[in-house]
Amino acid sequence: MFGRGFDSRRLHLVEYQNMKKALKSLISRLFSCWPCIKIFKFAQMPGAPFVASKVFLERPTWLIFAARFMKTFSSIQQLLTTLTREQKLLSELFEKRKILSFNYDYALELVDYDADKITALIDYSVIRQNGSNLELDDLFLQFFEQVMEVNEEINVSYINEHIQNIKQSIIYYLQENNETRKYGYLRQVKQALRKIGAIALRNVVDLNRNIDNTFKNEPNYKIKKTKLEHLDEKRNTIYALINHTDHLVSGEEEQTFFKVASDEELNRIIILLKLQLNECRHNLIDIQKQIIDYLNRIKYQSGVIEKLRQIKYLKDQFELRSKTSIRELLADNKAVIFESNPVYPLNISLDQLQTDDEAKTVIEKVAKRIRTSVKVTQPLAGSISDEYLETQVQEEIQINLDEVKNSFLAGGNNLFDFICAYDFGKEVSFDDCVTIYCQMISQFDTLFKITDVYNNKQDVEFAVVYPK
Amino acid sequence: MNVPKHTSDIFELLSKGQFICSNSGKDSVRKLYNIIDENFDDLHDYFSSINFILERGDEYFMFTREENKADLERKLEAAFKWIDILDFFKTVDHSFSAGYRFTPSDILVKLTVDVNMKNKLEGLKKYSGGKEKHAEILDKVLDQLRRDNFIELENEITNSYKTLASFHYLERLILSINIAESVKNEIPE
């Protein structure tokens with residue numbers, strides 16, 4: 001990738017700050033004729049952060065050779081300052097650590113478009129560049145994860161390492177004659193003991209969280225099961241290490257050391273450690289229970305799924321009835337759920353219907369519902385024939401007895417003769433006259449004077465009646 | 001006999017073939033569950049005198065009878081339906097079981113990318129009363145599960161459902177079907 005005729009001997013060192021300035025001015029010029037620019041980066045140049053080989057300002061094609069190499073922080077202060085300065089970018093990178101592509105351009109946006117800042121971080125190996133993507137360096141990622149307690153890895157080797165350290169320090173302690181150095185080894189043992197407790201507890205917490213996460217979030221059943229089994233193995237390892245530590249500090253292995261070196265501080269540390277280990281043990285027992293429970297649930301679930309698959313297959317082949325015990329099973333099953341919904345057709349209490357206030361509204365409601373919405377079509381009658389419409393007059397003369405009475409009362413003739421002589425407007429037979437006579441007497445007897453004299457006419461004997 | 005005052009409510013639900021589940025979203029049902037839980041023996045005796053057997057399942061209660069009242073064909077029909085429906089939902093999510101929450105729209109989205117699931121849903125058409133659209137078939141199936149008290153509409157606004165503890169009954173039913181070893185070997189993996 002080096003330009004033709006490149007000679008490292010021609011490279012000359014430029015102060016970082018000066019170089020920065022030079023590069024800035026260069027970049028602005030570079031943008032003006034972008035296609036003919038080649039920028040070369042190469043590593044392994046000791047000395048300055050940036051080494052420009054040669055800048056051919058007068059030539060149309062500029063070649064810039066910038067060399068980068070890995071730097072280390074010289075002090076904690078520098079480390080913290082660097083991290084603080086780019087906290088925005090780092091926290092964003094940490095949040096998106098599981099997303100595989102964190103674009104360089106996006107990172108540039110977070111550092112206010114100052115590419116130097118990103119370059120500096122890359123130089124210090126805080127972040128790594130992979131093509132156009134950026135990611136946190138493993139070392140820092142692990143550090144952040146562990147401090148923030150979000151790590152998914154459970155590393156049990158730490159405890160083991162510390163146990164080995166303790167053992168070694170004990171040997172050195174016993175073999176050392178110089179008091180001061182002896183004390184130094186004792187301090188190492190104490191430190192390691194202190195750490196073991198904390199690490200064990202952390203491991204247990206991590207384990208618990210990971211188990212929970214795996215069970216709840218892992219979608220693949222087989223992986224979930226395997227993961228849980230692996231976590232169970234880790235649990236076993238932690239348990240064994242805890243037992244090992246416990247065995248060590250109870251002074252059974254290194255009796256001489258714990259007898260000789262025992263001071264108050266060591267005793268206190270050991271007691272605290274034992275308490276911590278005990279807590280871990282209890283937690284581990286609970287974790288074991290949980291894992292068993294989770295594994296059982298998975299087994300149950302996958303059992304159900306497997307069984308369901310087989311049954312569904314047989315059902316689709318129409319063999320379920322003949323090849324399984326489903327008939328017998330259901331024949332024995334007396335669950336109410338298989339029955340149709342029961343209805344209880346109870347008669348209505350007549351008393352309630354008559355006395356209850358609500359009953360009336362209910363009845364009205366029902367009546368309303370019963371009213372059919374179907375319109376009854378009235379049958380049309382046939383047209384009436386004209387014959388029926390013709391008026392046919394039939395006259396009948398009715399005798400107005402009242403009128404007859406008034407005429408009679410005005411005259412002086414006796415009633416029967418008066419009737420026979422009265423003009424009724426129609427022919428009245430003798431029999432009719434007799435009838436009218438009788439009707440008149442029965443109706444108006446109070447207005448007539450009925451005498452005891454009887455007359456005879458056409459063989460009809462009648463009482464002579466005069467008006468009063 | 002000393003029975004709690006909610007006995008009539010309990011009877012009302014259970015005699016219709018419903019379940020009373022501990023994880024129901026309805027306060028009233030959860031309360032009934034606790035009442036049965038506390039007075040199980042009394043209620044069991046009480047109901048047995050009217051020919052209902054109160055049964056305790058895994059976080060649910062249900063009624064069975066001493067004598068068979070439903071005919072075998074009807075039961076087989078119901079069981080077949082449940083097998084199909086259960087098979088579909090287990091395809092949707094392997095962890096579909098009591099306590100699982102879902103919305104029909106989630107399932108419909110999955111349908112678009114899973115042909116197997118789509119086929120299975122179309123297989124459920126026969127229970128949907130002639131509905132053709134996927135959403136309608138799913139709604140019908142969910143409605144049936146809801147009526148049989150296996151799921152519950154938890155949130156009307158988001159239209160999200162929750163699977164009730166009674167779902168264990170279906171799983172238990174499936175697990176209790178025996179398949180002869182020789183037949184098992186015939187079933188392809």
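Leaving aside its neighbours within four places in sequence, with which residues is A:Arg235 in contact? In this predicted model, local features need pLDDT of at least 70 and side-chain atom pairs count only at pLDDT 80 or more, whereas totals for chains, interfaces and linings use all residues. Residues are numbered from 1 along each chain as its sequence is written, chains are lettered from A and ligands numbered from 1 in the order in which they are written, and side-chain values use heavy atoms, with hydrogens and water left out.

A:Arg235 is found in helix H9 (residues 221–249) of chain A; helices (H or I, at least four residues) and strands (E, at least two) are DSSP runs, numbered from the N terminus. Beyond its neighbours within four places in sequence, A:Arg235 is in contact with A:Leu207, A:Leu284, A:Ile287, A:Gln288 and A:Ile291, contact being defined as heavy atoms within 4.5 Å. A:Arg235 has a relative accessible area of 4% and is therefore buried; buried means under 20% relative accessible area, exposed over 50%, and partly exposed in between (1.4 Å probe, protein chains only).

Chain A has 19 helices and six strands. Of its 468 residues, 35% are buried. Among the contacts in chain A with a separation of 6 or more, 65% are between residues 24 or more positions apart. Strand E5 (residues 448–457) and strand E6 (residues 460–467) of chain A run antiparallel and are joined by seven bridges; two strands pair if DSSP finds at least two bridges between them. A:Phe448 has A:Pro467 in E6(A) as its bridge partner. The two strands, E5(A) and E6(A), form a hairpin with two residues between them, and A:Gln458 in the turn has a positive phi of about 45°.

In chain B, three strands form an open, antiparallel sheet in the order E1-E3-E2. Its edge strands are E1 (20–21) and E2 (52–56) of chain B, each of which pairs on one side only. E2(B) pairs with strand E3 (residues 60–65) of chain B in the antiparallel sense over five bridges, and B:Phe52 stands opposite B:Arg65 in E3(B). A further open sheet of three strands in chain B has the order E4-E6-E5, again with antiparallel pairing. Strand E4 (101–102) and strand E5 (151–155) of chain B are at the edges with a single partner strand each, so one side of each is left without a neighbour in the sheet. E4(B) is joined by two bridges to strand E6 (residues 160–163) of chain B, the two running antiparallel. Here B:Phe102 stands opposite B:Tyr161 in E6(B).

The interface brings 36 residues of chain A into contact with 53 residues of chain B. The area buried between the chains is about 4300 Å², of which carbon and sulfur atoms give 65%; buried area is the accessible area (1.4 Å probe) that two parts lose on being put together, summed over both. Five salt bridges are found across the interface of chain A and chain B, a salt bridge being a side-chain nitrogen of Lys or Arg within 4 Å of a carboxyl oxygen of Asp or Glu. One salt bridge is formed by the side chains of A:Arg321 and B:Glu73 (3.2 Å, N to O). On the side of chain A that touches chain B, the elements giving two or more residues are helix H11 (264–316), helix H12 (320–323) and helix H13 (326–332) of chain A. H11(A) gives the most, with 14 residues.
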